[in-house]
Amino acid sequence: MSETLAVDGGAPFRRKKWPQWPVHDEREVEGLRAVVKTGNWGGFPSPNVEAAKFAEAFASYHGAKYGNCTASGTTALEVALKAAGVEAGDEVIMPALTFVATAAAALYMGAVPVFVDIDPETWCIDPGEAERAITERTKAILPVHLGSRIADMDSIMEVARARGLRVVEDCAHMHGGFWDGQGVGSIGDLGAFSFQNTKLMTAGEGGIVLTNDDDLDARCHAYVDCGRLRPEDKPAEAQGVFGWNYRITEFQAAILRVQLERLPEQVEHREANKVRLTNALDGIDGLSMLKLDERITQPSGYGYYFRYHADHFGGVSRDKFMVALRHEGLLCYGAFYEPVYKDKLFAWQDTGVDYDYSRVSCPNASCPNAERAAYEQSIWIPHELFLGDDADLDDIITIIEKVTTAWAP
Ligand SMILES: Cc1ncc(COP(=O)(O)O)c(C=O)c1O
């Protein structure tokens, strides 16, 4: 007979804390102390000393020529889209299953996010759906490397190049990930990363845009630094740029330089643990794993997604499964993201405001794969749990086994 589950009044399997995030040591403190002493704290002149060093190191790690730091991942996306030439009324094709910021960045410049369904095997954008959504107003495709998977960049680049579209990669989840030997963010025309507190590298907040293109680099810089050109920029490269101040501080850049030093070892550690978990869960009926494309030469990832199949467990919902896991002490989430068109951002047609929002509202949008993932199947385990030791990973596996065994038909 299986043990009584904690959700049914039994004892929780684990009470101990999970590994905490962010990870830091004396090196971050030293970096901050050094910046304080210089008195050179801000982002101006841009890029400032620490920001320039960090941007170069981060870009080169991912195989990109240039990096421009920003205040956040959202502003990195906004800068990248603007640099790509996206303007009000243009359409930007993106996956329905992502964080709302992916869409908000486009909306903020008056562009129209066009949501397409995800590939049911990877939960990243389906390139065929992206191609079908192209209209004469489409300016860019915005793949998101979601969770621990990289979007099919070969197909996306092929579609985009054939139709003269820009590609902006949303890499907020994928620091240190490589597709066919190429760092994420350096495959499309531009790649945007976030350094928000929960991300794989963090300075509390921050972001960066990578590119290999001289003109795009100059435009990104101008959008981050109030429209200014750097001495080496030719005026034509950043013509007509109405820039904001999206600069990063020297404090953030100093911390990020240390976080980047730690990234390779952390990626290796997490990914080894994810392989162990995948192998263990693969053998459990009623669960299934997302496909790891063989072109992913270095996996990485912010969260680990796997699928729960309620029909195997007599129809008990994914939400109940998630609650049962949490009662046992596993930190995990169900609908970590909802299809973005379900967000209240897109309910403007109901506000009574006298303006035709029909182009940006999504009253009839339907992406069945994204909805199934979000509302029925997804269990998301945060990345820091994979930074633990063997005993932590054993606990994750045992908790999942405990619940699935108790509910086995
Ligand atoms: C997929 C995705 N895109 C963009 C962002 C925006 O990043 P930030 O929170 O740094 O603005 C996030 C993170 O929050 C994200 O998860």
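## Terms and model

A residue counts as buried if 20 or more other C-beta atoms lie within 10 Å of its own, as exposed if 12 or fewer do, and as partly exposed in between; the C-beta atoms are placed from the backbone. Helices (H or I, at least four residues) and strands (E, at least two) are DSSP runs, numbered from the N terminus.

This is a predicted model: local features need pLDDT of at least 70, side-chain atom pairs count only at pLDDT 80 or more, and totals for chains, interfaces and linings use all residues. Residues are numbered from 1 along each chain as its sequence is written.

## Helix 1

Helix 1 covers residues 26–38, 13 residues in total. From its first C-alpha to its last it reaches 19 Å. That is close to the expected 18 Å, a span defined as 1.5 Å times one less than the number of residues.

E28, G31 and V35 are the buried residues here. They sit on the same side of helix 1, because they cover an arc of only 60° around the axis. The arc is that of the directions from the helix axis to the C-beta atoms. An α-helix has 3.6 residues a turn, so residues three or four places apart point the same way. The face turned away from the buried side carries exposed E26, V29, E30, R33, A34 and K37. The cover over the buried residues includes helix 2 (49–61) and helix 8 (250–282); this rests on contacts, meaning C-beta atoms, placed from the backbone, within 7 Å. After helix 1 comes G39, with a positive phi near 75°.

## Helix 6

Helix 6 spans residues 153–163, and its buried residues are M153, I156, V159 and A160. Seen down the axis, they fall within an arc of 130°, so they line one face of the helix. On the other side, R161 and A162 are exposed.

What does the buried part of helix 6 pack against? The partners are helix 5 (127–132), strand 4 (138–141), strand 5 (166–170) and strand 6. Just after helix 6, G164 takes a positive phi of about 65°.

## Around the ligand

The ligand is surrounded by 15 residues. S72, G73, T74, A172 and S194 are the closest.

Helix 3 gives the most, with three. By class, the shell has five nonpolar, nine polar and one charged residues. Ala, Val, Leu, Ile, Met, Phe, Trp, Tyr, Cys and Pro count as nonpolar, Asp, Glu, Lys and Arg as charged, and the others, Gly among them, as polar.

## Two domains

The chain is assigned domain 1 (26–258) and domain 2 (263–407); such bounds come from an automatic or database domain assignment. Their centres, taken over C-alpha atoms, are 24 Å apart.

## H327

H327 lies in helix 9 (residues 318–327). Is H327 buried, exposed or partly exposed? H327 is partly exposed, because 18 other C-beta atoms lie within 10 Å.

Leaving aside neighbours within four places in sequence, H327 is in contact with L5, A6, V7 and P12. A254 is 73 residues from H327 along the chain, and their C-alpha atoms are separated by 39 Å.

Terms used:
A residue is near a molecule or strand if its C-beta atom, placed from the backbone, lies within 6 Å of it. Two residues are in contact if their C-beta atoms, placed from the backbone, lie within 7 Å.
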